[in-house]
Each structure stands twice: as C-alpha cells, then as structure tokens.
Amino acid sequence: MSELVTGEAVALELRPARLPSRGMATLLDLAVALAAYMVVSLALLAATASLDEAAQMAVSIATFLLVLVGGPIAVETLSHGRSLGKMACGLRVVRDDGGPIRFRHALVRGALGVVEILLTLGVVACIASLVSARGRRLGDVFAGTLVVRERVPGGRSGFVPPPPPWLAGRFQGLDLSAVPDGLWLAIRQYLARMNQLDPQIGRAMAERLAGDLAERTGTPVPPGVPAAPYLAAVLQERQVREARRVFAGAPGGASVPQSPVPAAPVPAAPVPAYGPPAYYGPAPAAAPVHEVRSDEGEKRAAGTGFAPPA
C-alpha cells in the first residue's frame, strides 16, 4: 500500500517544504535559541561564580540541554509543530498522515537534531533533505513526521464528508492500532476528492481502500455497507478516539462525548455527499419487530425465570 493515493486525480494536499524554506526557518530558530542560551548562560554565570569549576561545567551542560535541546522540543509540542522560524516561513511539522505531532515526535526530532544540526552544523540535515523525495531529514524519518507548507496558493479545499447517520457509532469496537498512517492519509485524500472522480474509478478505489482497511483491522466490511460510507465512518471513529485521548489529558478534566461527533458540518445541499444515490446506497432496512402475545410471554417467563416487560 503506497503512502499516497496517486493516479486517478486523487492529489496529495500536503505540500512538503523544501530545503531553502526549511533552512531559513532553522536559522531563525537557532538565532532565537542561541540568544536565549546566551542570556541564560550569563545569568547563571553570575549566580554560580562562587562554585567550583566542576559545578560550573555541570551547570553549563544542563543549560545547553535545557535551552538548545529541551526548548525546541517544548515549543514544537505546545504549538503542534510551529516554532517561531516555521511560523515566519509558513511551515508546520505534521505526522505522515497529516495529523498534529505529539511529544514523542518532537522528542525524536529534537534528539536527532542535536547531531544533524548542532554538532555537524547542519551538513547531515542538508544531505538527508536533498536525498529525500519529500525533503525530510533523519529526525523526520525516525519520528514519522513531515514539514509542510501552510501558506500555499488558494485553491479548493478538500472537504471530508461525515458518514451517514445510520453508521454513527457502529465501529466503536474496531481495533485500529495496526492501521498505518499512510493508509489513513490515503483514505482522507480519497474522501476529500471522491466527488471529482469518475464513478467507476471512485468505486473501485473505495473498494480497494476498504479492503486494505479491513485487512489491517482484522474485521471484514459489514454486509450491505458501501465502501465509501464505511471509510468515512471508520475515519470518524479514529478522529473521535484521538480527540477523546487529547481531551482526557487536558487540564480541567475536559471530556469528549462517547457518541461520535460529525467531522465537519453537513452541507445543506440535498445531494448526498457520497455521489449518486445508486452508489451511496440506502440504509439497511430495520429487522421486523415480532409482537409477543401475553400468553407467549407467560410461557417464556415460566421457562427462563425472567418475567416479560410490562
């Protein structure tokens, strides 16, 4: 499974940043970090003048790690991938699937950045970025991240439609841990562009993605559920789980409702979001309700020990 959906007009919306813009952002970040390091070092030098040489050396190393290593990690974590240099250049660090980075991503990037950028003066990072097809340095490769351009020429934004109401909450018990980020990105890109595709091509692509997703989750696609609504429902379930995990650790104990929430506002247009009505497919018919007479209920109560509901 390729990381990107290509071919039948499903274009990747994430535009990787190249070496010139990344280099400019890195220089700005280094300038700010070095300025902060000098200020903190001078303040600590005056405060630790009475200590011996070994203690002063330990304080210097701790200051270096705290400001030049821990500082960028904290900034990228709290700003979700936007340092001062990246904000000035219109860049952002995201995961391979386009989602926001977390602490572990920033930690790997910052730890390898010490070798790639600080110790080798950026030579290793430049070589890795030039060799990579998407301009990634080694920290991005090991962290599973990508630096993308945020300020791009205005165009038609990819709207990912929510699943139909009859699929809401149906996949809460699905195991999504084995689904790679590349497959999530492919699903998101397909859902954003499926109305622009030829119906036959879009149907075949949806079935292929649904098959890949079912193989990764270990659960087949439910009978009677079209491929496109199935993909949208599972993608929404993943977004709900991520939001629940983020809000669970937020200050104040904020929580996310258990019932799935729409990924985006539903358009007011009467046309279904998943293409022609024949492709969208009607909701499965509800099972007929069998009325139980009072004498049947009494017989069942005698055999099971449970009285029928009043």
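Visitor: Which residue forms a salt bridge with Arg109?
Guide: This is a predicted model. In it, the closest N and O atoms of the pair are 3.1 Å apart. The cut-off is 4 Å. The partner of Arg109 is Glu76.

Visitor: How many residues apart in sequence are the parts that Arg109 and Glu76 tie together?
Guide: Arg109 sits in helix H4 (residues 103-119). Glu76 belongs to helix H2 (residues 53-78). Both residues are buried. The parts they tie together are separated in sequence by 33 residues.

Visitor: Is Lys86 buried or exposed?
Guide: The relative accessible area of Lys86 is 8%. Buried means under 20%. Lys86 is therefore classed as buried.

Visitor: Which residue does the side chain of Lys86 meet in a salt bridge?
Guide: The N to O distance is 4.0 Å. The pair links distant parts of the chain, 57 residues apart. Lys86 is in helix H3 (residues 84-89), and its partner is in helix H1 (residues 19-47). That partner is Asp29.

Visitor: Where does Arg137, the salt-bridge partner of Glu116, lie?
Guide: The closest N and O atoms of Glu116 and Arg137 are 2.7 Å apart. Both residues are buried. Glu116 lies in helix H4, so the pair ties together parts 21 residues apart in sequence. Arg137 lies in the loop between helix H5 (123-131) and helix H6 (138-143).

Visitor: Which residues do salt bridges with shared partners join into one network?
Guide: Side chains of opposite charge can pair when their charged atoms come close. Here, shared partners connect such bridges into one network. Its members are Arg22, Asp29, Glu76, Lys86, Arg109 and Asp140.

Notes: Residues numbered from 1 in each chain as written. Predicted model: local features only at pLDDT ≥ 70, side-chain atom pairs only at ≥ 80, totals over all residues. Heavy atoms only, no water. Helix = DSSP H or I, 4+ residues; strand = E, 2+ residues; numbered from the N terminus. Buried < 20%, exposed > 50% of the residue type's maximum accessible area, 1.4 Å probe, protein only.
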